[in-house]
Amino acid sequence: MGLIDVEHLDKSFASRHGSMAIMQDITFQVSDSDFVAIVGPSGCGKSTLLRLIHGLDQPTRGTIRFRGQEITSVCSRMAMVFQSFALYPWLTVRQNVGFGLEAMHRDPEQVRSAVERYISVTGLVGFEEAYPRELSGGMRQRVGLARALAVEPAILLMDEPFSALDPLTAEGLREEVLQLWRDPGLPPDAVVLVTHNIEEALVLADRIMVLSRRPAHLLAEVAVDLPRPRDRKSDAFYQLTDRVYSLITEGTRPGAPDAPPPSAPA
């Protein structure tokens with residue numbers, strides 16, 4: 001049993017032409033201390049899969065379990081960081097960070113303490129009373145990260161969190177997320193990242209789930225057995241980049257056959 005168990009997952013949506021399959025028979029596991037990336041072609045259902053894991057949507061078939069318990073509604077032990085920041089513009093940084101805790105009806109002193117802690121951890125000291133419109137994109141994403149961490153989730157779900165940022169800001173935040181994940185005194189226990197950036201996946205993750213074109217199958221689970229910090233110029237990094245890229249492009253080729261069963265970690 002893992003921290004998260006995804007078993008034989010199907011998802012379809014109704015359309016005027018009938019049922020449209022988004023993903024079929026997806027199975028994988030996330031364990032304690034994992035950093036897992038999900039990659040695949042645009043429109044293959046990566047973000048939908050993340051929403052299913054969180055319990056924001058329900059599968060058509062199959063099950064998702066958190067520590068052995070089936071997820072049938074939003075799981076309070078997970079938190080999401082979005083691409084679009086998803087901040088409340090009428091709330092200050094302090095209020096945005098504490099919003100999730102207040103929605104859980106936590107004790108006011110507990111909220112205050114947690115907000116102060118995660119504002120400090122994410123480098124937002126001095127911006128507590130600022131509004132989102134007064135912040136850069138990178139600072140807004142820090143607020144989104146602080147809000148997610150404040151509820152002390154076991155699982156941090158990240159939906160292309162760096163794609164709206166400039167390259168330098170994105171690189172800095174990637175490093176900070178890695179530091180948070182590796183700190184045993186801070187949440188989360190595991191991270192699941194959706195990204196379209198193969199290099200980003202290889203820099204951050206220990207395992208990469210490669211999805212095919214829609215309806216998505218799990219083409220392969222690729223183990224990233226490289227020392228940290230990752231050397232992007234190394235032969236091993238180039239080889240893994242080429243492997244993941246080849247899997248995705250082969251899986252998007254028109255007329256490509258149904259995806260094979262997932263390969264063993266490599």
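His 8 is partly exposed, at a relative accessible area of 43% (buried is under 20%, exposed over 50%, partly exposed in between; 1.4 Å probe, protein chains only). His 8 belongs to strand E1 (residues 4–15) and has a positive phi of about 50 degrees, although it is not a glycine. Helices (H or I, at least four residues) and strands (E, at least two) are DSSP runs numbered from the N terminus. The model is predicted: local features need pLDDT of at least 70, and side-chain atom pairs count only at pLDDT 80 or more, while totals for chains, interfaces and linings use all residues. Residues are numbered from 1 along each chain as its sequence is written, and side-chain values use heavy atoms, without hydrogens and water.

Ala 86 also has a positive phi, near 55 degrees. This residue sits in the loop between strand E6 (78–81) and H2. Its relative accessibility is 33%, so Ala 86 counts as partly exposed.

The bond from Pro 187 to Pro 188 has omega near 5 degrees. Pro 188 lies between helix H5 (167–182) and strand E8 (190–194). The cis bond joining Arg 214 and Pro 215 has omega of about -5 degrees. Pro 215 lies between strand E9 (207–211) and strand E10 (218–223).

Cys 44 is buried, with a relative accessible area of 1%. Cys 75 is buried at 11%. The disulfide count is zero (a disulfide is a pair of cysteine sulfur atoms within 2.5 Å).
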